[in-house]
Amino acid sequence: MMTGEQYLASLDDGRATYFEGRKIENILDDKIMGEAARLIAAGYDKLYRPGPDATSPLMSIPRSAEDLKARLPVVSDADIVANTTNQSIMTLMTAAGRIGDEHPEYARRIQAWIEDAQRRDIRITECITDGKGDRSLSPGKQADPDAYTRVVERRPDGVVIRGAKLHITGASLGHETMVIPTKAMKPGEEDYAIACAVPVNAPGVKIVNTSYAPRHEDDRVFPVSRQNHMPEGFVIFDDVFVPEERIFLNGETKHAGQFAHSLGLWERLGGLTFMANEADELVGFAQLIAEANGLAKVQHVREKISEMIIHATLIRGALEAAIANCVIGDNGAAFPSELYTNAGKYQAATQYNMMCRHLHDIAGGSVLTAPSIADLENNEVGPLVRKYMTANPEIDGECRIKLFHAIRDLTADAMGGWRYVTNIQAGGGLYAQRIVTRKHYDMEHAKKKALHAAKMLPEHAAE
Ligand SMILES: Cc1cc2nc3c(=O)[nH]c(=O)nc-3n(C[C@H](O)[C@H](O)[C@H](O)COP(=O)(O)OP(=O)(O)OC[C@H]3O[C@@H](n4cnc5c(N)ncnc54)[C@H](O)[C@@H]3O)c2cc1C
């Protein structure tokens with residue numbers, strides 16, 4: 001396995017990565033990109049086990065509901081790129097199981113690539129969402145044929161791909177990108193039915209980063225995001241050669257959708273896990289700030305927190321149900337229930353604004369305007385800030401200020417905005433979650449229940 005230090009050294013591999021108009025020559029020298037890299041390095045150190053046979057728990061394949069459950073603390077504690085690594089491996093395992101009968105060669109290559117990734121203990125990012133051009137048109141009908149990533153040349157030993165994958169979390173800080181079609185493809189769209197693995201430093205890969213990292217000089221103003229931010233990459237494949245053994249689908253339109261669906265399942269399980277933890281965290285902040293404000297016993301505040309608790313509990317219930325109702329695939333790997341994963345992720349995303357609304361409502365305007373800790377340390381105004389920021393005499397004004405800063409950072413500032421949009425869009429957007437939930441819901445059972453209640457079933461005719 002790799003240590004954090006080895007991971008940081010591995011980033012110096014000639015990758016072409018850009019940030020705010022500059023080419024980054026050395027990731028570690030850049031404040032924001034370097035901080036994100038060190039977060040991933042710390043994750044490596046947390047999981048590190050010595051010895052040639054040690055493998056990362058992030059790379060292991062769950063075989064049962066117990067295995068899936070045992071992974072939850074590891075996944076919850078891991079950074080986001082550790083999670084995209086885990087999700088990428090599971091996506092390819094899932095897809096291999098689904099296409100393996102018809103295309104054993106692709107399944108064999110996937111297996112070999114996963115084993116190599118496990119051996120090298122690398123980080124993998126998920127390159128699925130294309131630029132997409134005009135949303136109402138299919139890939140083949142776009143004014144620019146590169147709007148979806150495609151094969152532009154087939155050679156005896158591989159293919160050349162061109163396109164751009166957008167919003168790719170941590171792309172510049174992984175070792176490999178898992179490139180898969182963003183949606184199902186139709187006959188005639190063979191060049192767009194491409195799945196493969198591309199090293200971040202492959203010639204022609206260029207990554208433009210964006211970040212919600214705080215830019216404030218005083219770290220204490222952003223207690224959460226200061227140490228916990230990850231850039232998103234706009235990943236451009238500018239005619240990149242992919243050798244044959246790294247190609248997992250090449251023109252078989254009928255299977256293009258399998259990869260996107262497989263990723264959707266694992267990405268949403270990851271999202272559901274994150275949001276179950278996030279919901280508990282928001283309940284905790286609501287209760288703490290209510291106590292600091294002296295309002296914890298007031299009826300309407302208690303009711304709002306109860307509503308938040310119910311939401312948090314149901315989201316965790318959906319996560320537990322997704323695991324308990326897992327399906328064991330032909331290749332022995334355990335897959336969470338599509339129904340509970342998608343319904344839970346959807347509910348968590350759509351009710352996130354309710355959670356923030358209640359929290360902001362209970363907390364008050366100081367979420368945005370609480371003075372800084374540096375102000376508290378100022379000899380002239382500090383004591384007055386402390387005096388007037390103390391509400392409940394049992395809770396010091398400084399503690400209340402810190403709670404406000406954390407709430408702002410998490411829900412009402414750069415990271416807060418990132419979370420707000422990410423909860424809705426990540427994992428393929430709400431539309432996809434509605435479709436998959438409906439597909440796996442037992443509609444016949446529901447209709448039968450309704451007909452039974454209405455006494456319209458054949459057996460009621462005799463009554
Ligand atoms: C912070 C962040 C991190 C992300 N990380 C990753 C990542 O690591 N890897 C990755 O691959 N992706 C990632 N995503 C991308 C995410 O999956 C997409 O944002 C999401 O799938 C929506 O795609 P889009 O942004 O292109 O929006 P659009 O596709 O433009 O969607 C916008 C709206 O238009 C609707 N719409 C789109 N097309 C149609 C149509 N044909 N008919 C009807 N309605 C339509 C959608 O349902 C939606 O309501 C990330 C996104 C964010 C915000």
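**Entry 1: ligand contacts**

I began with Gln-425, where a backbone N or O atom sits 3.5 Å from an oxygen atom of the ligand. I was working on a predicted model, in which local features need pLDDT of at least 70, side-chain atom pairs count only at pLDDT 80 or more, and totals for chains, interfaces and linings use all residues. Residues are numbered from 1 along each chain as its sequence is written, and side-chain values use heavy atoms, with hydrogens and water left out.

Next I looked up Ile-128: a polar backbone atom there is 3.0 Å from a ligand oxygen. Thr-169 also places a polar backbone atom 3.0 Å from an oxygen atom of the ligand. I took a polar contact as a pair of N or O atoms within 3.5 Å; within protein, one must be able to donate a hydrogen and the other to accept it, and residues adjacent in sequence count only if both atoms are side-chain atoms.

**Entry 2: the shell around the ligand**

How many residues surround the ligand? I noted 14, and the closest are Glu-126, Ile-128, Thr-129, Arg-135 and His-167. A residue is near if one of its heavy atoms lies within 4 Å.

By class I wrote down 4 nonpolar, 6 polar and 4 charged residues for this shell. Here Ala, Val, Leu, Ile, Met, Phe, Trp, Tyr, Cys and Pro count as nonpolar, Asp, Glu, Lys and Arg as charged, and the others, Gly among them, as polar.

Strand S5 (158–169) and helix H14 (414–425) each bring at least two residues to the shell. Helices (H or I, at least four residues) and strands (E, at least two) are DSSP runs, numbered from the N terminus. Domain 1 (4–251) and domain 2 (258–447) each contribute at least three shell residues; the domain bounds come from an automatic or database domain assignment.

**Entry 3: the largest cavity**

I searched on a 1 Å grid over the protein atoms alone: a cavity is a set of points where a 1.4 Å probe fits but cannot get out, a pocket is an open set with protein on both sides within 12 Å along at least five of seven lines, and lining residues have an atom within 4 Å of a point. Grid points are joined across faces, edges and corners, and a volume is the space filled by probe spheres set on the points.

I counted 3 cavities of 30 Å³ or more. The largest holds about 120 Å³, and its lining includes Arg-71, Asn-86, Trp-266 and Ile-323. Helix H3 (65–77), helix H4 (80–99) and helix H6 (256–293) are the elements giving two or more residues to that lining.

Why does the largest cavity lie between domain 1 (4–251) and domain 2 (258–447)? Both domains give residues to its lining, so it lies between them.

**Entry 4: the second largest cavity**

I noted about 50 Å³ for the second largest cavity. H6 supplies the largest share of its lining, 4 residues. By class, the lining has 7 nonpolar, 1 polar and 1 charged residue.

**Entry 5: the second largest pocket**

I finished with the second largest pocket, at about 260 Å³. Of its 15 lining residues, Thr-94, Arg-98, Val-327, Gly-329 and Phe-335 lie nearest the centre. H4 gives the most, with 3 residues.
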